[in-house]
Amino acid sequence: MGTDPQVYPTTDVITVTSGVTVTYFYVVENTGTITLPLHTLNDSQLGTVLGPDFAYDLAPGDGR
């Protein structure tokens, strides 16, 4: 997460002032041995943020 949507942050803790827009980044990695074609991403606070069944081939070892 961070305040610049063009920059992927290297920390998971930031301090911002009221009124500042925060952009969240999710990294999804396929640690299995088969390509995964459909995805649903759920956040414990925000609920479903991608999907259900978002079509994208994620190959073994690939991360996005």
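Author: Contact here means heavy atoms within 4.5 Å. By that rule F54 touches P37, L38 and H39, leaving aside residues up to four places away in sequence. This is a predicted model: local features need pLDDT of at least 70, side-chain atom pairs count only at pLDDT 80 or more, and totals for chains, interfaces and linings use all residues. Residues are numbered from 1 along each chain as its sequence is written, and side-chain values use heavy atoms, with hydrogens and water left out.

Reader: Why is H39 called buried?

Author: Buried means under 20% relative accessible area, exposed means over 50%, and partly exposed lies in between (1.4 Å probe, protein chains only). H39 has 14% relative accessibility, so H39 counts as buried.

Reader: Why is F54 called partly exposed?

Author: The relative accessible area of F54 is 39%. That value falls between 20% and 50%, so F54 is partly exposed.

Reader: Which residues does H39 touch?

Author: H39 touches L50, G51, P52, D53, F54, Y56 and L58, again leaving aside residues up to four places away in sequence.

Reader: What makes the approach of H39 to L36 a polar contact?

Author: A polar contact is a pair of N or O atoms within 3.5 Å; within protein, one must be able to donate a hydrogen and the other to accept it, and residues adjacent in sequence count only if both atoms are side-chain atoms. A polar atom of the H39 side chain lies 3.1 Å from the backbone oxygen of L36. The distance is within 3.5 Å, so it meets the cut-off.

Reader: Which strands hold H39 and F54?

Author: Strands are DSSP runs of E, at least two residues, numbered from the N terminus. H39 is in β1, residues 36-43. F54 is in β2, which spans residues 47-58.

Reader: How do you know that β1 and β2 pair?

Author: Two strands pair if DSSP finds at least two bridges between them. β1 and β2 have 6 bridges, in the antiparallel sense, so they pair. N42 has T48 as its bridge partner in β2, and L36 stands opposite L58.

Reader: How far apart are F54 and L41 in space?

Author: Their C-alpha atoms are 8.9 Å apart, while F54 and L41 are 13 residues apart in sequence.

Definitions and conventions. Helix = DSSP H or I, 4+ residues; strand = E, 2+ residues; numbered from the N terminus.
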